[in-house]
Amino acid sequence: MRLPAVMLRRLEIGAFGGPEQIRLVEEARLPQPGEGEVRIRVEASSLVFTDMLIRRNLYPVLKLRLPLTPGYDFVGRIEALGSGVSRWRVGDRVADLTQIGGNATHLVRTAASLVAVPQGVNAIQAEPLILSYMTAWQALFREAKAQPGDQVLIYGASGAVGLAALDLCRAFGLPAVGVASARREPVVEGLGATFVAYDTADPAGPLDRLTRDLGGFKVILDAARGETLSSVMARLAPGGRLVALGFSAPFRTAYKAGGEQPGLLARLRFGYDFLRIKWLSHRPNAAVSFYDIASCRRQHPQWFQEDLSSLFNLLEAGRITPRIQRVFGLGDAVEAHRLIEAGQVEGRLVLDPGLPIGGDPYVSPGDNAAKTTLHQQRHPG
Ligand SMILES: NC(=O)c1ccc[n+]([C@@H]2O[C@H](COP(=O)([O-])OP(=O)(O)OC[C@H]3O[C@@H](n4cnc5c(N)ncnc54)[C@H](OP(=O)(O)O)[C@@H]3O)[C@@H](O)[C@H]2O)c1
């Protein structure tokens with residue numbers, strides 16, 4: 001009996017725009033690794049807010065050419081080696097930050113850029129560590145140089161990066177305050193943080209009181225850019241550091257108002273905000289910086305290797321627990337992007353390209369154990 005041929009399946013964006021621009025592409029030929037490259041069978045890859053920015057061509061830090069395959073990172077197993085590769089063996093588990101290209105069954109990467117994934121960790125659980133946890137980790141410990149006991153304030157606390165940051169604060173003894181919409185109180189408090197809602201009649205009131213009572217925050221991570229920059233900076237303790245890293249608030253506001261994306265004025269405002277943060281960050285002894293995972297990796301490739309390995313070890317030791325709301329197959333990615341745009345995700349969505357086209361059972365928030373079991377049945381070891 002002949003085995004069915006292995007196909008390359010991947011998502012493709014042919015035109016910038018809404019989730020409907022995503023389609024599933026099948027190719028009969030697998031990509032072949034060249035010199036210094038390996039082919040990887042992907043076990044898990046990301047479905048995150050940043051993919052939505054890329055799909056809408058609102059991601060200026062990357063020069064985008066269409067058509068493109070989205071997917072900011074992946075965990076997978078090496079299945080073919082190109083010439084000259086000696087560091088890896090077929091079957092090794094590896095991870096990498098791709099920015100684009102991760103949402104596929106197979107991909108080819110430069111062998112030198114890969115990070116080893118311990119055999120004992122589950123791919124679905126490990127995948128959020130690459131973009132979401134790494135961003136939180138490097139913003140907290142590399143940029144802000146957080147120390148045990150430092151008071152931390154996180155805007156965007158219920159999102160992929162925000163929950164990762166809260167999980168790390170809990171694991172490293174950093175008392176945290178998390179800002180998100182009122183419905184997110186249980187998940188933020190569940191990680192031991194103090195919760196503040198941004199969508200109440202007087203959102204600044206409780207935050208002003210906390211800032212006064214605590215004498216300001218030693219570390220602020222801002223993944224939302226909802227409050228004015230000067231209001232956020234006024235919440236810093238003497239010697240504190242503000243790390244700006246994202247702009248989810250204008251998108252949430254536009255969506256709630258029935259728009260697909262922020263209008264021109266809102267985009268000009270956050271463009272100006274971005275330039276101001278960059279300008280402030282270049283001043284001597286700056287209290288403000290903008291963190292960007294890809295440029296940090298370019299400047300400090302060794303940090304990326306070390307930090308991701310540390311995160312995998314923390315996961316293996318059970319010290320951190322990524323919150324995965326749901327796992328999608330390639331055939332359901334449009335729905336995943338719709339949920340992200342609508343702000344319906346608490347923590348992370350993950351893509352499992354090995355799932356049969358046609359869907360996967362819904363896994364409710366917090367039901368990671370069930371999902372993990374399901375995934376382990378499909379990817380033993
Ligand atoms: N710089 C980097 O290297 C890097 C890396 C990863 C991500 N990012 C960026 O960081 C941002 C967040 O990413 P993500 O993946 O965590 O997104 P996400 O999962 O969509 O989370 C967004 C979060 O922002 C919150 N939020 C929305 N409006 C807010 C406001 N006015 N005040 C406070 N919080 C507000 C949301 O709360 P509700 O859901 O409760 O409304 C949610 O917790 C995005 O802009 C992304 O592109 C940057």
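This is a predicted model: local features need pLDDT of at least 70, side-chain atom pairs count only at pLDDT 80 or more; totals for chains, interfaces and linings use all residues.
**The ligand and its shell**

The shell holds 29 residues, and the closest are Ser158, Ser181, Tyr198, Tyr291 and Ile293. Colour the shell by class: 16 of its residues are nonpolar, 9 are polar and 4 are charged.

An N or O atom in the side chain of Tyr198 is 2.5 Å from an oxygen atom of the ligand. Move to Tyr291, where a backbone N or O atom lies 2.7 Å from a nitrogen atom of the ligand. Then select Arg184; one of its polar side-chain atoms lies 3.2 Å from an oxygen atom of the ligand.

Now show the secondary structure around the ligand. At least two residues of the shell come from each of α1 (49-55), α4 (160-171), β9 (176-180) and α8 (248-256). The ligand lies between domain 1 (8-130 + 300-378) and domain 2 (132-291), because both domains give residues to its shell.

**The largest cavity**

Rolling a probe the size of a water molecule over the atoms shows where empty space is left. The count comes to 2 cavities of 30 Å³ or more.

For the largest cavity, select Phe49, Met52, Arg56, Phe251, Arg252, Tyr255, Glu260 and Glu341, which form its lining. The volume of this cavity is about 50 Å³. Which helix gives the most to the lining of the largest cavity? It is α8, with 3 residues, while α1 and α8 each supply at least two. The lining divides into 4 nonpolar and 4 charged residues, with no polar ones. Keep the domain colours on: domain 1 and domain 2 each contribute at least three residues to the lining of this cavity.

**The second largest cavity**

Select Pro128, Tyr133, Ala160, Leu163, Ala164, Pro322, Arg323, Gly347 and Arg348 to outline the second largest cavity. Its volume is about 30 Å³. Here α4 gives the most to the lining, with 3 residues; α4 is also one of the elements that supply at least two residues of the ligand shell. By class, the lining of the second largest cavity has 6 nonpolar residues, 1 polar and 2 charged.

**The loop between α1 and β4**

Most residues other than glycine have a negative phi, and most peptide bonds are trans. Select Asn57, which is placed in this loop. Its phi is near 60 degrees, a positive value in a residue other than glycine. The peptide bond from Leu66 to Pro67 is cis, and its omega is near -10 degrees.

Technical notes:
Residues are numbered from 1 along each chain as its sequence is written. Side-chain values use heavy atoms; hydrogens and water are left out. A residue is near a molecule or strand if one of its heavy atoms lies within 4 Å of it. A polar contact is a pair of N or O atoms within 3.5 Å; within protein, one must be able to donate a hydrogen and the other to accept it, and residues adjacent in sequence count only if both atoms are side-chain atoms. Helices (H or I, at least four residues) and strands (E, at least two) are DSSP runs, numbered from the N terminus. Ala, Val, Leu, Ile, Met, Phe, Trp, Tyr, Cys and Pro count as nonpolar, Asp, Glu, Lys and Arg as charged, and the others, Gly among them, as polar. Domain bounds come from an automatic or database domain assignment. On a 1 Å grid over the protein atoms alone, a cavity is a set of points where a 1.4 Å probe fits but cannot get out, and a pocket is an open set with protein on both sides within 12 Å along at least five of seven lines; lining residues have an atom within 4 Å of a point. Grid points are joined across faces, edges and corners, and a volume is the space filled by probe spheres set on the points.
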